[in-house]
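Good morning, everyone, and thank you for making the time. Please have the sequence and the picture side by side while I talk, and follow along as I move from one part to the next.

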Amino acid sequence: MRHQSTRFRVLAPAAACLALVASGCGSSGDSGSSSGPITLGAIVTTSGPLAQIGQSHRAGAELAVKQINDAGGVLGRKLKLDVKDEQVDPNASVQAARAFLGSGTKLLFGLTTDSDCLAVAPIVQQLGGLLVGTSCQSNLLETTKFVPSFFEIAPNNFMLAKATAALAAQKFGSVKSWDSVAPDYEFGHEVTTSFQQDLSGLESDATYRKQVFVPLTETQFNSHITSLLSGLPADSATSTGLMMATFGATTIGLAKQGKSFDMFNKYATVINLGGSTPTAEALGADTPPMYFVYDYYDGAYDNGTNSTFVSGYAAANKGAKPNAWSYEGYTAVLAYKAAIEKAGSTDPAKVRAAMAGMTFDTPKGPLTFRAKDHLLQSPVTVWQVKPDSSSAGFSVTSSDAIPADQVLPPVKVG
């Protein structure tokens with residue numbers, strides 16, 4: 001795997017704007033007003049077992065808004081963040097989007113699950129808004145269910161699965177049998193299938209022994225762990241790998257409840273597609289050795305914008321490091337800022353036209369939205385964690401960024 005050490009150019013700190021002017025300053029579109037704040041509509045999950053994801057999205061976005069406002073705003077106007085709870089529920093997410101759009105807030109960002117993204121994107125399109133997805137990853141959003149008013153920050157499932165398969169083949173070529181555990185919805189099924197197809201393309205003798213799917217809001221995992229481990233060969237610690245496509249509370253629950261089964265020691269390697277550092281932070285000394293394959297780890301990127309992001313996040317969050325989800329919220333705001341300035345307007349149609357094909361600065365360096373399918377051409381980040389005796393209970397032992405051109409899917413809109 002190639003390590004990305006390129007130093008990206010430095011631009012001024014940025015943040016994104018999301019919506020239309022507040023109701024007292026105008027209605028939809030540019031409204032003809034050049035004063036008053038630009039309200040950003042964020043739909044993020046702030047309750048339930050996945051609340052940490054939405055809270056991180058929000059923290060990243062709030063930092064971007066503050067940095068932009070401190071630097072003078074966008075088009076001479078301040079940004080203002082308005083937040084609604086996604087609830088990890090398509091109906092609630094659609095209601096939140098309709099509420100924003102009905103009140104004149106047309107530029108939206110956020111969302112955690114593919115189900116929510118797939119439900120909200122066409123509504124935003126129909127009602128004349130614009131949506132930048134933070135953790136939306138379904139391949140359908142760039143293919144058969146593409147809508148022009150949707151743009152995607154996180155690498156999609158095709159990219160994540162391809163990166164995971166490449167890691168498995170390059171670092172664990174002697175492991176020929178793979179189990180998987182994934183959430184039981186669009187994302188989990190899509191990446192499981194894609195991983196198997198991609199790895200088989202790299203290793204024709206790879207086999208897939210057991211696939212277990214877990215309800216997204218499940219909290220008790222003993223039956224799933226028992227099913228996963230049932231029938232494992234005696235030499236599984238050298239012959240069998242585990243591909244996890246779980247994240248947040250699900251991964252934490254599997255790791256904690258899996259200790260009594262000695263679950264992770266039964267596998268030659270564990271690769272967590274979609275996992276992120278907060279998992280290790282929550283587990284501490286219970287962190288199993290594993291590789292995370294997802295969007296962002298702060299130590300994998302060396303450029304001025306990343307330094308501004310990391311230092312600003314620490315200052316605003318009691319010394320904490322940003323995670324992949326806070327990166328996504330931060331970058332969504334940067335995308336809006338750049339597009340609004342390029343368009344010279346907050347009108348959703350003009351901002352959308354400016355965003356398609358746009359290159360803008362991010363903590364990963366300059367990135368570009370593909371003009372035809374609006375997928376961000378972004379590296380996929382891989383980092384390894386291991387338990388240790390430090391106060392954190394774990395350490396990151398390596399990090400790499402797989403360049404976008406190695407994992408991007410072909411354009412297949414429609």
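This is a predicted model: local features need pLDDT of at least 70, side-chain atom pairs count only at pLDDT 80 or more; totals for chains, interfaces and linings use all residues.

Let me begin with a question: which residue does a disulfide join to C117? The partner is C136, with the two sulfur atoms 1.9 Å from each other. For those new to the word, a disulfide is a covalent bond between the sulfur atoms of two cysteines, and here it is counted when a pair of cysteine sulfur atoms lies within 2.5 Å. By this rule the count comes to one disulfide.

Residues are numbered from 1 along each chain as its sequence is written, and side-chain values use heavy atoms, with hydrogens and water left out.

Coming back to the disulfide, the torsion about the S-S bond of C117 and C136 is about -80°, so this disulfide is left-handed. The pair links distant parts of the chain, since C117 sits in helix α3 (residues 114-126) and C136 in the loop between β4 (130-133) and β5 (150-152), 19 residues apart.

Now to the sheets. Five strands form an open sheet in the order β2-β1-β3-β4-β5, and their pairing is parallel; two strands pair if DSSP finds at least two bridges between them. At the edges stand β2 (79-85) and β5, each with a single partner strand, so one side of each has no neighbour in the sheet. From one strand to the next, the twist averages 25°. Within this sheet, β1 (residues 38-44) and β3 (residues 107-110) run parallel and are joined by three bridges, and G41 stands opposite L108 in β3. Helix α11 packs on the sheet, touching β2, β3 and β4, and its direction makes about 155° with that of β3. Helix α12 (residues 348-355) also packs on the sheet, where it touches β3, β4 and β5 at about 40° to the direction of β4. Angles here run from 0 to 180 degrees between N-to-C directions, and axes are lines fitted to C-alpha atoms, for helices over the stretch in contact.

The other open sheet I want to show has seven strands in the order β7-β6-β8-β9-β10-β14-β15, with mixed pairing. Its edge strands are β7 (207-214) and β15 (394-402), each of which pairs on one side only. Neighbouring strands are turned by 20° against each other on average, with direction ignored. Strands β9 (residues 269-273) and β10 (residues 290-294) run parallel, joined by three bridges, and the bridge partner of N272 in β10 is F292. Helix α4 (residues 157-171) lies across several of these strands, among them β6 (177-183) and β8 (240-244), running at about 150° to β10.

That leads to the helix pairs. Two packed helices are described by the angle between their axes and the distance between the axes. How far apart are the axes of α4 and α5 (residues 186-202)? They are 8 Å apart, and the angle is about 45°. That makes α4 oblique to α5, where angles under 35 degrees count as roughly parallel, over 145 as roughly antiparallel, 65 to 115 as roughly perpendicular and the rest as oblique. Their contact (heavy atoms within 4.5 Å) includes F158 and A161 of α4 and F187 and V191 of α5.

Finally, please look at α10 (residues 304-316), which packs with α11 (residues 324-343) at an angle of about 115°, the axes being 12 Å apart. That makes α10 roughly perpendicular to α11. T308, F309 and Y313 of α10 make the contact with S326, Y327 and Y330 of α11. The axes of α10 and α1 (residues 51-70) come within 10 Å and cross at roughly 105°, and these two helices are therefore roughly perpendicular to each other. In that contact, A59, G60, L63 and Q67 of α1 meet T308, F309, G312 and Y313 of α10.

Definitions and conventions: Helices (H or I, at least four residues) and strands (E, at least two) are DSSP runs, numbered from the N terminus.
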